[in-house]
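I opened my notebook to look through one structure, a piece at a time. Each entry says what I looked up and what I found.

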Amino acid sequence: MSHWLVKSEPTSFSYRDLEKAPKKTTSWEGVRNYAARNFLRAMRKGDRVFFYHSNAEPNAIVGICEVVREAYPDESQFDRKSEMHDPKSTRESPTWSTVDLRAVRALPRAVTLAELRGVAGLEKMEILRKGSRLSVTPVSEEEWRVVCALAGVSDAVA
DNA sequence: GCCAACGTTGGC
DNA sequence: GCCAACGTTGGC
């Protein structure tokens, strides 16, 4: 099982919004970056995913969600009225993918970006890289364990 | 194929 | 609000 991290601006879609969604599930539409898309496509049902609030006060990992449906075409790319519309994309060969994510649990303690900096074991974590902009990134097993420990979540339930 | 210009992301 | 990082676009 792999682990991942997705970013969202809480003013547009927060972890709380995911918890309030029907079945606590949403389609992670709108990814328009090839590297991030490729990570979406590599996600497998059951993979656990950190939910990170960017452009937030504070910026922090706030929850855990789970992949409940593997990659499928992102409908918004075909919608001419959507800001996410991609005229280059066709039904025959869709460019952009989405997955379904379901809220598992809010972290007992949100772990802020400031707190993550300097923590042993997280030196290579993508989100800590200067200028990091990828909205979907893989998280190593060690990074997952370290962050869970900081958040007060035991591995057994993560 | 190169690269400058431009737009966006996102931390601070 | 500023600005660094980075992806994309388009001229050549």
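**Entry one: around the DNA.** I looked up which residues lie around DNA strand B in this predicted model. They are Lys7, Tyr52, Ser54, Asn55, Asn59, Leu113, Arg117, Ser132 and Arg133. I then checked which part of the strand comes within 4 Å of the protein. Sugar and phosphate account for 74% of those atoms of DNA strand B.

I sorted the residues of this surface by type. I got 2 nonpolar, 4 polar and 3 charged.

Next I looked up polar side-chain atoms and phosphate oxygens of DNA strand B. For Tyr52, the distance from such an atom to a phosphate oxygen is 2.8 Å. For Lys7, I read 3.2 Å. For Arg117, the value is 3.3 Å.

Which way do the side chains point? In a regular strand they alternate between the two faces of the sheet. In S1, I found His3, Leu5 and Lys7 pointing one way. Trp4, Val6 and Ser8 point the other way. Residues on both sides are buried.

**Entry four: the partners of S1.** I looked up the strands that pair with S1. S3 covers residues 48-53 and pairs with S1 in the parallel sense, over 6 bridges. S6 covers residues 136-139 and runs antiparallel to S1, joined by 4 bridges. I followed His3 across to each partner. In S3, its bridge partner is Arg48. In S6, His3 stands opposite Val139.

I moved on to H4, residues 141-151. I listed its buried residues: Glu143, Trp144, Val146, Val147, Cys148 and Ala151. What covers them? The cover includes strands S1, S3, S4 (60-73), S5 (97-112) and S6, along with helix H3 (113-116).

Last, I looked up a residue in a loop. Thr95 is found between S4 and S5. Is Thr95 buried or exposed? Its relative accessible area is 14%. The cut-off for buried is under 20%, so Thr95 counts as buried.

I also asked which residues Thr95 touches, leaving aside neighbours within four places in sequence. I found contacts with Tyr34, Arg37, Arg41, Gln77, Asp86 and Ser89.

Methods:
Residues numbered from 1 in each chain as written. Chains lettered and ligands numbered in written order. Predicted model: local features only at pLDDT ≥ 70, side-chain atom pairs only at ≥ 80, totals over all residues. Heavy atoms only, no water. Near = heavy atom within 4 Å. Polar contact = N/O pair within 3.5 Å; in protein donor to acceptor, adjacent residues only side chain to side chain. Nonpolar A, V, L, I, M, F, W, Y, C, P; charged D, E, K, R; others polar. Buried < 20%, exposed > 50% of the residue type's maximum accessible area, 1.4 Å probe, protein only. Helix = DSSP H or I, 4+ residues; strand = E, 2+ residues; numbered from the N terminus. Pairing = 2+ DSSP bridges. Contact = heavy atoms within 4.5 Å.
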